[in-house]
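Subject: Handover of a structure

Hello,

I am passing on the structure below, with notes on what turned up in it. Please read the notes with the structure open beside them.

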Amino acid sequence: MARYDDAAELNRRVTFQRFVGEADIVGDYQYLDDDNWEDVLTVWAQVRTIGSREFMAAGQEQNEVTHNIKLRYRLWGYDAVSLRATCGDRVFRLLSPPLDLDGDRRYQLIKAAEVWR
C-alpha cells in the first residue's frame with residue numbers, strides 16, 4: 001500500500017467549486033457548464049490515477065477514470081461530495097467524502113471521477 005506522508009507530493013493546484021446553477025431536467029448537476037460553478041477553495045494537492053472502467057449508460061458506451069485527490073487535512077464547512085474539483089483544464093466529480101488518512105489529521109483523500117469535455 002502506498003504511503004501518503006510526503007508533502008512534496010502535493011504538487012498540483014486543485015480548486016473545489018460549489019454548484020450555483022440550476023440542475024437539468026432529471027436533477028443532475030451540469031458538471032461541464034463552468035458558468036454554474038463558483039470557486040470555494042484552492043489548495044495544493046496530489047492527483048493520482050487509480051483506475052478506469054468502461055460501462056453502458058443511456059445505450060452508449062461510457063468510460064470513467066477514477067483518481068485519488070490527496071490534500072492536507074481540513075474541516076469542511078459544507079457537503080464536500082456536492083462539490084466538483086478542477087485542476088487546470090480537468091474536471092472531477094467527487095465520489096467520496098474526505099477520508100482522514102491514518103487517523104492522524106495530517107492528510108485527507110477524496111475519490112473522484114474525471115468528467116470528460
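Buried means under 20% relative accessible area, exposed means over 50%, and partly exposed covers what lies in between. Glu9, with a relative accessibility of 25%, is therefore partly exposed. Please keep in mind that this is a predicted model.

Salt bridges

Side chains of opposite charge can pair when their charged atoms come close.

Glu9 is in one of them: its partner is Lys70, and the closest N and O atoms are 3.5 Å apart. This pair links distant parts of the chain, with Lys70 in strand E3 (residues 60–72) and Glu9 in the segment before strand E1 (12–19), 61 residues apart. Where Glu9 is partly exposed, Lys70 has 0% relative accessibility and so counts as buried. Lys70 also has an aromatic neighbour: the charged end of Lys70 sits over the ring of Tyr107, 4.3 Å from the ring centre.

Arg84 and Asp34 form another salt bridge, at 2.8 Å from N to O. They too link distant parts of the chain: Arg84 belongs to strand E4 (residues 84–87), Asp34 to the loop between E1 and strand E2 (37–57), and 50 residues lie from one to the other. Arg84 is buried because its relative accessibility is 2%, whereas Asp34, at 38%, is partly exposed.

A further salt bridge joins Glu114 and Arg90, with the closest N and O atoms 3.2 Å apart. Glu114 is in strand E7 (residues 107–115) and Arg90 in strand E5 (residues 90–94), so this pair ties together parts 24 residues apart in sequence. Glu114 has a relative accessibility of 12% and therefore counts as buried; Arg90 has 31%, so Arg90 counts as partly exposed.

In soluble globular proteins, nonpolar side chains tend to be buried together. Here the largest nonpolar core has 17 residues, and Phe16, Ile69, Leu71, Trp76 and Leu94 are those with the most contacts inside it. Two or more residues of this core come from each of E1, E2, E3, E4, E5 and E7. E2 supplies the largest share, four residues.

Apart from this core lies another, of five residues, among them Phe19, Tyr31, Trp37 and Val115.

What does Leu71 touch, not counting residues up to four places away in sequence? Its contacts are Leu10, Phe16, Val43, Trp44, Ala45, Trp76, Arg106, Tyr107, Gln108 and Ile110.

Aromatic rings

A pair of aromatic rings is described by the distance of the centres and the angle of the planes. The count of aromatic pairs in this structure is two.

Phe16 lies in strand E1 and Trp76 in the loop between E3 and E4, so the contact ties together parts 60 residues apart in sequence. Both Phe16 and Trp76 are buried.

The other pair is Phe19 with Trp37, whose ring centres are 5.0 Å apart and whose planes are at 65 degrees, so this pair is edge-to-face. With Phe19 in strand E1 and Trp37 in strand E2, the parts that are tied together are 18 residues apart in sequence. Phe19 and Trp37 are both buried.

Trp76 has a charged neighbour as well: the charged end of Arg74 sits over the ring of Trp76, 5.5 Å from the ring centre.

Strand E4

E4 is covered on both faces, with Arg84 and Thr86 buried on one side and Ala85 and Cys87 buried on the other. Which strands pair with E4? E1 pairs with E4 in the antiparallel sense over three bridges, and Phe16 stands opposite Ala85 there. E5 is joined to E4 by four bridges, and these two strands also run antiparallel. Thr86 has Val91 in E5 as its bridge partner. The hairpin of E4 and E5 has two residues between the strands, and Gly88 takes a positive phi near 65 degrees in this hairpin.

Regards

Note on methods: Residues are numbered from 1 along each chain as its sequence is written. This is a predicted model: local features need pLDDT of at least 70, side-chain atom pairs count only at pLDDT 80 or more; totals for chains, interfaces and linings use all residues. Side-chain values use heavy atoms; hydrogens and water are left out. A salt bridge is a side-chain nitrogen of Lys or Arg within 4 Å of a carboxyl oxygen of Asp or Glu. Buried means under 20% relative accessible area, exposed over 50%, partly exposed in between (1.4 Å probe, protein chains only). A nonpolar core is a set of buried Ala, Val, Leu, Ile, Met, Phe, Trp, Tyr and Cys residues joined through side-chain atoms within 4.5 Å. Contact means heavy atoms within 4.5 Å. Rings of Phe, Tyr and Trp (its six-membered ring) pair if their centres lie within 6.5 Å; planes under 30 degrees apart count as stacked, over 60 as edge-to-face and the rest as tilted. A charge sits over a ring if NZ of Lys or CZ of Arg is within 6 Å of the ring centre and within 35 degrees of the ring normal. Two strands pair if DSSP finds at least two bridges between them.
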